[in-house]
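Hi,

Here is the structure I promised to pass on to you. Have a look at it first, and then read on for what turned up in it.

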Amino acid sequence: MELSLILALIAAPIILSLLAAAKNKPRPANLLPPGSMGLPVIGQSLGLLRAMRSNTGHQWIQDRVDRYGPVSKLSLFGTPTVLLTGPAANRFVFFSDTLAMQQPRSVTRILGERSISELSGHDHKRVRGALYEFLKPDMLRNYVGRIDGEVRRHLDEHWAGRDTVTVMPLMKKLTFGIISSLLFGLERGAVGRDALAGDFARIAEGMWAVPVDLPLTAFRRSLRSSARARRLLAGITREAEAKLERGEASRSSDLVACLLSLADERGARLLSEEEIVDNAMVTLVAGNDTSSVLLTFMVRHLADDPDTLAAMVREHEEIAESKGDDGEALTWEDLARMKLTWRVALETLRLVPPIFGNFRRATRDIELDGYVIPRGWQVFWVSSVTHMDATIFHEPARFDPSRFESQAAPPCSFVAFGGGARICPGMEFARVETLVTMHYLVRRFKWKLCCEESENTYLRDPLPSPLNGLPVQIEHRASP
C-alpha cells in the first residue's frame, strides 16, 4: 500500500506533464496544408500528366495556387505530396537541410537508387564531387575542340544540302552524339550506340508515370529499356577499367574513365560500379534531353524574332573574323564572347524550362507557413510559377533576351538549373554545347517555320517537345 502510494505520487506529475504536452503539441493532421489527396495510388497524377501533355501544366499548377494558396497537399505518383510555389518556397527547397532528394518511384526504379538525384548527405557530396571532377570548367575547356568537331560533322551530314529539316530529332541526335562520346567513349559507329539511343528515348517516356508494372504501359517499356541500357553501361565501365589498367586510357578520356580513376584518402575507389552506372544513366538522360530541348526551342523562338537572330549572327561573325583560319576550332575564350547568345538561351529556358519541376522528401516533420509537412512526405516544386510571374518578369509571355542583360533575376526566381547544393552539375557542359552549336548554326543557315507555331503547339511528356518535331525550311548563307 505504501509502495503504491509512493509510485502514484512519483507518476502523477509525470503523467500530468505528458498530458499537458500532448494538449499543447500541434497535431500534424490538423495542420496539413489545404487540398485534396484524390483517388488512392493515382491521386492527381493523371490530371497533372494530362495538363503537361496539353501544355497547360502551368495553368494546372496556377489553378491549385489560386484555390489553395502557395502551399497545398495532393498525391503524385503514389506518394502524399506538398506543392510549394514562389521564390521563398524555392529558397526553402534549395537550401533547407530538412529536405532530401525524392524522385518519383517511377524514376528511381528506372534510373537506379545510387544516383546523384537519389542520394543525400555524405553520399551526395561524394558522388557530386566525383561528377564535378569531369564537369568543372577546367576540364571542359579541354573538350571545346571535340564538341566543335561533332557539331560541324553533324551539320554537314544532316543539314547541308537540304531544303527542310525537322529540328527536334536532329538536335537529339547531335546531343546524344556529343554526350555519348565525351561521357562514355562511344564514338560514331561504336557497337551499341544506336541501340542505346533508342533505349533512352523509351526510358524518358515512363519516368513520370504511375509506377504500375503492367504489360503495354509506358512504365513497363521504360523498365525494359533501362535494363538493357544498364547492361551496356556496365560493360562500358568494365571495358574502361581494363583500358586504364593497360594504360590505353586516362582520367581525361571520358566521364566513366574519370570516375573509375578517383580514389578516397585510403586509395580505395571512390564510386562503386553500381554508382557509376546509375549516375551514367542520370547524366545521359539529363544531358541529352535537356540540351536538345534548349537548342530546339532557341531555333523556334529565333524564327519569330529576326532582329535578335540578326544580332546573334553579327556576334558570331565577329568571333569568326577574329580567328586566323576559318577551319580553326572554337576555344574557351571564344565562348566567353557569346554573351547575347547565352542571354537568348536563358530567356528560352525561362519560357520553356526543360524540367517542369522536381521533388524532395521531408526528413522530419517540418513547420512551414503555419502548416506541417509530415516526415516522409514528398515536396514538389515547379519552375513555371516564378518564371511566369509578372511581378518578377515584366510581360512574362514575351520572348525578351534583354531582360537578362542588365540585372539578374531576383534570387530563387529563375530556376531552370535548380539551385543551392543541388544546382545542376552539368550546367557548364550545357552552356558549352549550346554556344558551340549556335555559333555554326546561325552562321551557316537561315530558317523559317514550316507551319504556324503558337504557344500551344508543344507538349510535355515529361520534357517539352514540339508536336511535329519543329519542321523548318532552311536556306544556306554564304559560306562563312
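The buried residues of helix α17 are covered by several other elements, including α14, α15 (306-321), α18 (384-387), α19 (427-444) and β10 (458-460). Please keep in mind that this is a predicted model. Helix α17 itself runs over residues 339-351. From its first C-alpha to its last it reaches 19 Å, close to the 18 Å expected at 1.5 Å a residue. How many of its 13 residues are buried? Twelve of them are, and α17 is mostly covered. Among the buried ones you will find W342, R343, E347 and R350.

A search of the whole structure finds two cavities of 30 Å³ or more. The largest cavity holds about 1,000 Å³ of space, and 47 residues line it, with A286, T290, I355, N358 and C424 the closest to its centre. Which helix gives the most to this lining? That is α14, with ten residues. At least two residues each also come from α6 (105-111), α7 (121-135), α10, β5 (357-362) and α19. Sorted by class, the lining of the largest cavity has 31 nonpolar, twelve polar and four charged residues.

The second largest cavity has about 60 Å³ of space. Its lining includes R152, D325, D326, H439 and R443, and the largest share, three residues, comes from α19. By class, this lining has two nonpolar, one polar and six charged residues.

There is also an open space to explore. The largest pocket contains about 780 Å³. It is lined by 31 residues, and P169, K172, K173, F176 and N288 lie nearest its centre. Helix α11 (193-205) is among the elements that supply at least two residues of the lining, and α11 provides the largest share, eight residues. Others that supply at least two are α9 (144-158), α10 (167-184), α14 (273-303) and β11 (464-466). The lining of the largest pocket has 14 nonpolar, seven polar and ten charged residues.

Is T237 buried or exposed? Its relative accessible area is 3%, and under 20% counts as buried, so T237 is buried. Its side chain reaches the backbone oxygen of L233 at 2.8 Å. Leaving aside residues up to four places away in sequence, T237 touches V256, L260, E273, I276 and V277.

Enjoy exploring, and write back with any questions!

Best wishes

Terms used. Residues numbered from 1 in each chain as written. Predicted model: local features only at pLDDT ≥ 70, side-chain atom pairs only at ≥ 80, totals over all residues. Heavy atoms only, no water. 1 Å grid on protein atoms, 1.4 Å probe; cavity = no way out; pocket = protein on both sides within 12 Å on 5 of 7 lines; lining within 4 Å. Points joined across faces, edges and corners; volume = space filled by probe spheres on them. Helix = DSSP H or I, 4+ residues; strand = E, 2+ residues; numbered from the N terminus. Nonpolar A, V, L, I, M, F, W, Y, C, P; charged D, E, K, R; others polar. Expected span 1.5 Å × (residues − 1). Buried < 20%, exposed > 50% of the residue type's maximum accessible area, 1.4 Å probe, protein only. Contact = heavy atoms within 4.5 Å. Polar contact = N/O pair within 3.5 Å; in protein donor to acceptor, adjacent residues only side chain to side chain.
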